[in-house]
Amino acid sequence: MPYSFHREKSKSGKPLGIPGYTFGSKEVAKSPLTLSDLELLKRTVLWTDEDTRYIRMSRGLLEDQTDEILDVWYNFIKAYPHLSFYFSTPDPMQDRKLNKAYMDEVKLRFKQWILDTAEANYDQQWLDYQYEIALRHHRTKKNKTDSASSSEIVNFRYIPAFIYPITATLKPFLSKKHNFSAEDV
């Protein structure tokens, strides 16, 4: 039986409670990648059914810790000007102050992203939303969801580089629960 998403939705079909969160809505463009492309990417990173099983197990371990996880990730971003730049005012004549309202709006979706990632069933709807997230890091849609004033694009080089800090900092949160052994973490 395929894993399914359980999200409360409004009458219009939009998920409730998270501004700009459009997973599964008609607003999300179809990804140019196919499910076959996704399978090739999964093979390239050596993704297995066991990886899927463990990532889905992580949801129950992480869902009540997402605020603390994001505190760690946001503190990491804030500690490095080359990363906090992407949440800062765009005017180089200013001191590039962090746009806290923008960070807070994104944080709500980032929190949901943790849960979506942990329960992903890797279908077309999931793939399309990953594409939407990518567009929101590109000048195509960066800042538009939140009507923010910030940098116009997130340089791609930092996106794959951010994978390690994200995954490495999850380990202590997975370890807090007794469901996972040290080997499982």
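**Entry 1: Leu62 and the cores**

I started at Leu62, which touches Ile69, Ile114, Leu170, Phe173 and Leu174, leaving out residues up to four places away in sequence; contact here means heavy atoms within 4.5 Å. This is a predicted model, where local features need pLDDT of at least 70, side-chain atom pairs count only at pLDDT 80 or more, and totals for chains, interfaces and linings use all residues. Residues are numbered from 1 along each chain as its sequence is written, and side-chain values use heavy atoms, with hydrogens and water left out.

Next I looked up the largest nonpolar core, which has 20 residues. Such a core is a set of buried Ala, Val, Leu, Ile, Met, Phe, Trp, Tyr and Cys residues joined through side-chain atoms within 4.5 Å. Buried means under 20% relative accessible area, exposed over 50%, and partly exposed in between (1.4 Å probe, protein chains only). Leu62, Ile69, Trp73, Tyr74, Phe87 and Phe110 touch the most other members. Two or more residues each come from helix H2 (49-62), helix H3 (66-79), helix H5 (100-118) and helix H8 (163-175); helices are DSSP runs (H or I, at least four residues), numbered from the N terminus. I also noted another core apart from this one, with eleven residues including Ile18, Leu38, Leu127 and Tyr129.

**Entry 2: positive phi**

Which way does phi go at Asn143? I found a positive value of about 80°, although Asn143 is not a glycine. Asn143 sits in the loop between helix H6 (124-135) and helix H7 (158-161), and is buried at 11% relative accessible area.

Ser147, also not a glycine, has a positive phi of about 50°. I placed Ser147 in the loop between H6 and H7, where Ser147 is exposed at 67%.
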